[in-house]
Amino acid sequence: MSEKTTGMRKGLAGYGDAGFSLFLRKAFIKAMGYSDDALDRPIIGITNTFSGYNACHRNVPDMIEAIKRGVMLAGGLPIEFPVISMHEAFSHPTSMYLRNLMAMDVEEMVRAQPMDAVVLIGGCDKTVPALLMGAASAKVPAILTVTGPMITGSHKGERLGACTDCRRLWGQHRAGNIDEAEIEEISGKLAPGPGTCMVMGTASTMALVSEAMGMMLPGGAAIPAVHADRMRHAEATGARAVSLAADRILPEQIMTPASLRNAMRVLQAVGGSTNAVVHLAAIAGRLGFDLNLEELDALGAETPVLVDLKPSGQHYMEDLFRAGGLVTVLREIDTMIDRDCLTVTGRTLGQEIDAQPQSWPQDAVRTVADPIHSGGGIRLLRGNLAPQGAIIKQAAATPELLRHTGRAVVFSSLADMAERLDDPALDVRADDVLVLQNAGPKGAPGMPEAGYIPIPKKLAAAGVKDMVRISDARMSGTAFGAIVLHVSPEAAVGGPLGLVRDGDVIALDVEAGTLSLQVDDAELQARRAQWSAPDHVNVSRGYAKLYFDEVLQAEDGCDFNFLRANPRNLGQ
Ligand code: FES
Ligand code: MG
């Protein structure tokens, strides 16, 4: 190998004999059949996130072919390698529980193997955050691409999308309006092909905010998984990875406090999933800074929601694609974003916006003058019930409930809620506040998407559509209601949420940004003295032990403390 070879030399510490080390590497990699000429070029790693369990990544093999083509056309040598793949439906106990494991896998494999740059192939909800977290920590030039959204399905002439329609149609089945045979038929139509959920769930949100952060080539977030443009984007991503390697642009130069602020702005403007707040916080922690939740709140108050996608709107990702994708949104909020942020293209976000074709008539992205909601996406709440914060998706809540005081009806765990919620004898009224404890990062564990507490059956039957609901859990990007999420610290680590009892009075004021438990301090102290952590947090082995020992709260993105650039001093 000549001196210009970078890839195979990377990290060549050897055991005191660098020459021998390189000789060995060369011998083993040549067993793959590569020629000296092939090896004498920049090496571009490609994360293979295909899995037979992950239909959201079904097109990854095709994408890898296209990425390889791009790398080779640009003069590099592509080498794919496996990392963990995760699908939302097949990640027990939750995909959030496993996200950090994937991030560790990505970080270590990118660092361990020789590569001058890496192409990250994300898609399903937790994969994009895990890839970006791992790449940020590995400090290797990295470029993201995604598998892209699914196209919509249809049933009896009605357009269907996962998984906003999954819940709705299952509800109709339970109500007796759809029989066994038909619901069986529908199960084959909700997810009609490869790609990610095609509503504004977490996958779509993370793809869009990642593109906004500059980690993806322009236009990549919204291209449907089955569209030929998806392969062209993959090819271009491979080609760009080669020059990214030459430019030595690191993830930390792209994912800066300013570009994360752009991501938060876009999160609000697209009406994105609350889960993105957790993931962005984790990414920030890898890079040595904290996601500023007060800033997120301020942006939420002033940024109009422009994208008209389900579950809050009417369209799907393929409609956003036809409307021009993310750049159509960015052009609308041009004056609200930092145009100077560097992107993987080596140019700034502003330059990329200006380089895109101009807009055309479309109805998936509204104008600032005519938004879906005039400000009021995700808001921050603080108070004695959530000293380290909680969030609410204001635009998805019943306006009358945004300022509400009510009596707490408490469920101590998911199991307790499942057992009693629909009990006709449950003492609950429409103006009560439903509280779910022990469903946070350590509580459930894995902070499941259980924050969308169902309306108790007897109230639902009486026509109650929304109630104030509070928990330390997360919520699917496809759900809505007056739902307070991510209460921190969580109940399972002794947070005040775990001290709430039936009949306590809770006051929510979204405008003021407060969430308070109207119980005096002496009483709370007395309850705290009696509190003990749930048994399940005492784990002695395996990944679970690592998880329970190290997982942080929602405001730190539920990352493991030791994976942050600057671990928190937790005083232990
Ligand atoms: Fe993978 Fe929805 S299940 S994106
Ligand atoms: Mg989801």
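## Getting started

Two strands pair if DSSP finds at least two bridges between them. Helices (H or I, at least four residues) and strands (E, at least two) are themselves DSSP runs, numbered from the N terminus. This is a predicted model, in which local features need pLDDT of at least 70 and side-chain atom pairs count only at pLDDT 80 or more, while totals for chains, interfaces and linings use all residues. Residues are numbered from 1 along each chain as its sequence is written, and chains are lettered from A and ligands numbered from 1 in the order in which they are written.

## Strands β9, β13 and β14

Let us begin with β13, residues 505-509. Strand β9 (residues 403-411) pairs with β13 in the antiparallel sense over five bridges, and His404 has Leu508 of β13 as its bridge partner. β13 also pairs with β14, again in the antiparallel sense, over four bridges. Here Asp509 is bridged to Thr514 of β14, and Ala507 to Ser516. The two strands β13 and β14 make a hairpin with four residues between them, and Gly513 in the turn has a positive phi of about 75°.

A residue counts as buried if 20 or more other C-beta atoms lie within 10 Å of its own, as exposed if 12 or fewer do, and as partly exposed in between, with C-beta atoms placed from the backbone. Strand β14 (residues 514-517) has Leu515 and Leu517 on a covered face and Thr514 and Ser516 on an uncovered one.

## Helix α5 and its partner

Helix α5 has 12 residues and reaches 16 Å from its first C-alpha to its last, close to the 16 Å expected at 1.5 Å a residue; the expected span is 1.5 Å times one less than the number of residues. α5 is mostly covered, with 12 of its 12 residues buried.

α5 (residues 127-138) packs with α8 (residues 202-213) at an angle of about 35°, their axes 9 Å apart. Val128, Pro129 and Leu132 of α5 meet Met206, Ala207 and Ser210 of α8. Those contact residues comprise five nonpolar, one polar and no charged. Axes are lines fitted to C-alpha atoms, for helices over the stretch in contact, and angles run from 0 to 180 degrees between N-to-C directions. Contact means that C-beta atoms, placed from the backbone, lie within 7 Å. Ala, Val, Leu, Ile, Met, Phe, Trp, Tyr, Cys and Pro count as nonpolar, Asp, Glu, Lys and Arg as charged, and the others, Gly among them, as polar.

## Backbone points to look for

Most residues other than glycine have a negative phi, and most peptide bonds are trans. The bond from His92 to Pro93 is cis, with omega near -5°, and Pro93 sits in the loop between β2 (77-82) and α4 (95-112). Another cis bond joins Lys310 and Pro311, with omega about 10°; Pro311 lies in the loop between α13 (293-302) and α14 (317-322).

Now look in the loop between β10 (433-436) and α18 (457-461), where Asn438 is found. Phi of Asn438 is positive, near 60°, and Asn438 is buried, with 27 other C-beta atoms within 10 Å. Met447 lies in the loop between β10 and α18 too. Phi of Met447 is near 45°, also positive, and Met447 is buried, with 29 other C-beta atoms within 10 Å.

Terms used
Contact = placed C-beta atoms within 7 Å.
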